Amino acid sequence: MTALTALAADTPSLVQSVDWLAITPVVVPAAVALLVLVADLFLPEARKPVLGWISVAGLAAATAALLPLRAGDRTTFCLTADPGACSYTADHFALVIQFLVLAGALVTALLSVTVVREGRIPAGEYWFLLLSSTAGAALLPASRDLATLIVALEVASLPAFALVGMRRGDRLSSEAALKFFLSSVTATAVSLMGVSLVYAATGTLHLTRVADRLEDVPGQLDTLAMAGVALTLVGFAFKTAAVPFHFWVPDTYVGAPLPVAGYLSVIGKAVGFTGLILVTVIAFPAYSDVWGPALAVLAALTMTLGNAAALRQAADRAHGAVRLLAWSSVGQAGYLLVPIAAAAYSDRDQIGSTVAYALMYAAVNLGAFAVAALVARTRPLNRIDDYRGLYAERPAAALSLAFFLLCLAGLPPGIIGLFAKVTVFRSAVDAGLGWLAVVMAVNVVVALYYYLRWTALLFRTPQTEGEAPAARTKAPWPLTAAIALTAVTALVLSGAPQLVLRFAAGTLFPL
């Protein structure tokens, strides 16, 4: 008995304490998703809209749950033998990205309330999938081991694939869902292969431990580790829609319900870029000479092809407005890649520029999709020409869209877009990537043309001679609220551009 007691005393405990407050922003949307799924079984069809408001309330509560965590000093699910190796860390980086994800999902939910009701989309399934994807997206920035990272990535991605195909009987929706599914499966397979090779070379999954062991990899395992790093990065490049892994973006955005397209353009990208940041600057700094040049080239190719394709969108093409936003998002992904590439040449604080740019992009791009959803109510083809004279018909919506487009272009009065681009440009210059800064400058000028062309169209003569005016309908208040929320956020950010500089210059990861 004495020997057993002594043995028990010497054996480290495998029981882990859980910091429930730290994981609340992830648990709340997951719990509300289950609640909505069960409630859908018992609610009559006429009462199904209440599921949308339950989801909105749940996302608002999850966003508010970030306030007690603002110190950024909580960790949980740590190894008992090494308390410094944790699977979940609520640091400032995780909290900022979780805010982007949860607030973006809240705006998406407001956009979706009317679409679900009027589009004959199954309410229970839609809200369950949206909340589940949000829970996965909120988990990913706090993940600090490769297994949790991959699980979070898939929890965020698989429900999104189903959301894209929610319009049953729609050929475009089915085709979009298939393309998105195939790209997601490919990305997952490549990522898992890369993670397995990294684990084989290091014997650990925790990001900080991976970083330590990659510093001193035996010579016979160096090629294995390098292949694992490369494959892991390729998997995340699919999620960010970086060229040449962007092929699914335009058709997926066109085929998906507009709120889902907006969700993918912001939260979907945030998931990919967050994973890319975590594996590069935390887990793989020892191989920065591999991923640094690769990401720099990807950034240049992505912004160039995205802007060139957006430039070619015809104003009279069906769904041309959504296609332009889709290609624009590819170009914006190129800008977001620049500071991550720069981190390989200087220090990891460069990724603050990516986070700052992502916050600006999230607000204005969701706002642009919100206005597109409003216009689509009377002009379902959503051509760019359909926005001609929008100011005469809906002045507030036109002014909001004009402001969003100017922010994306980086022109006043969209001060926040200008400052965000300057911080990204500066990160490239500071890292010695002068050639990439030049490529970015050229692409910013190219993008000005199609953003300004669309903006000018909003204030032209409403219609051509002989064309019947579109019947104006009153905008549903949830849709109006989503436009107002994003517009106010963009205005506040433009009025306080120092917030961008603070993120760009600050340290988001603990030392």
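This is a predicted model: local features need pLDDT of at least 70, side-chain atom pairs count only at pLDDT 80 or more; totals for chains, interfaces and linings use all residues.
I take helices (H or I, at least four residues) and strands (E, at least two) as DSSP runs, numbered from the N terminus. Residues are numbered from 1 along each chain as its sequence is written, and side-chain values use heavy atoms, with hydrogens and water left out.

**Entry: helix α4**

I began at the end of α4, where Arg120, just after the helix, takes a positive phi of about 55°. I then looked up the span, for which the expected value is 1.5 Å times one less than the number of residues. With 27 residues, α4 reaches 40 Å from its first C-alpha to its last, close to the 39 Å expected at 1.5 Å a residue. I also noted a kink of about 35° in α4, centred on Ser112, where the bend at a residue is the angle between axes fitted to the seven residues ending there and the seven starting there. For burial I use relative accessible area with a 1.4 Å probe and protein chains only: buried is under 20%, exposed is over 50%, and partly exposed is in between. Of the 27 residues of α4, 21 are buried, so the helix is largely enclosed by the rest of the structure.

**Entry: cavities**

Rolling a probe the size of a water molecule over the atoms shows where empty space is left. On a 1 Å grid over the protein atoms alone, I count as a cavity a set of points where a 1.4 Å probe fits but cannot get out, and as lining the residues with an atom within 4 Å of a point. Grid points are joined across faces, edges and corners, and a volume is the space filled by probe spheres set on the points. How many cavities of 30 Å³ or more does this rule give? The count comes to 3.

The largest cavity has a volume of about 210 Å³. Its lining holds 19 residues, of which Ser157, Phe180, Lys239, Leu264 and Gly268 lie nearest the centre. The elements giving two or more residues to this lining are α5 (123–139), α6 (146–164), α7 (171–202), α9 (222–240) and α11 (258–283), and the largest share, 6 residues, comes from α11. I class Ala, Val, Leu, Ile, Met, Phe, Trp, Tyr, Cys and Pro as nonpolar, Asp, Glu, Lys and Arg as charged, and the others, Gly among them, as polar. The lining of the largest cavity then divides into 12 nonpolar, 5 polar and 2 charged residues.

The second largest cavity has a volume of about 110 Å³, and of its 15 lining residues Leu100, Lys269, Ala270, Phe273 and Ala358 lie nearest the centre. Here α4 (92–118), α11 and α14 (351–376) each supply at least two residues, with α11 giving the most, 6 residues. This lining divides into 12 nonpolar, 2 polar and 1 charged.

**Entry: an aromatic pair**

I pair rings of Phe, Tyr and Trp (its six-membered ring) if their centres lie within 6.5 Å, and call planes under 30 degrees apart stacked, over 60 edge-to-face and the rest tilted. The count comes to 10 aromatic pairs. Phe161 and Phe181 form a tilted one, at 4.7 Å centre to centre and 40° between the planes. Phe161 lies in α6 and Phe181 in α7, so the pair ties together parts that are 20 residues apart in sequence. Phe161 is partly exposed at 26%, and Phe181 is partly exposed at 31%.

**Entry: backbone exceptions**

Most residues other than glycine have a negative phi, and most peptide bonds are trans. Which peptide bond ending at Pro244 is cis? The bond runs from Val243 to Pro244, with omega near 10°, and Pro244 is found in the loop between α9 and α10 (249–255). The bond from Pro412 to Pro413 is also cis, with omega near 5°, and Pro413 sits in the loop between α16 (395–409) and α17 (415–430).

His319, not a glycine, has a positive phi of about 60°; this residue lies in the loop between α12 (288–311) and α13 (320–343) and is partly exposed at 22% relative accessibility. Asn382, also not a glycine, has a positive phi of about 50°; Asn382 is found in the loop between α14 and α15 (390–393) and is buried, with a relative accessible area of 2%.

Definitions and conventions: On a 1 Å grid over the protein atoms alone, a cavity is a set of points where a 1.4 Å probe fits but cannot get out, and a pocket is an open set with protein on both sides within 12 Å along at least five of seven lines; lining residues have an atom within 4 Å of a point.
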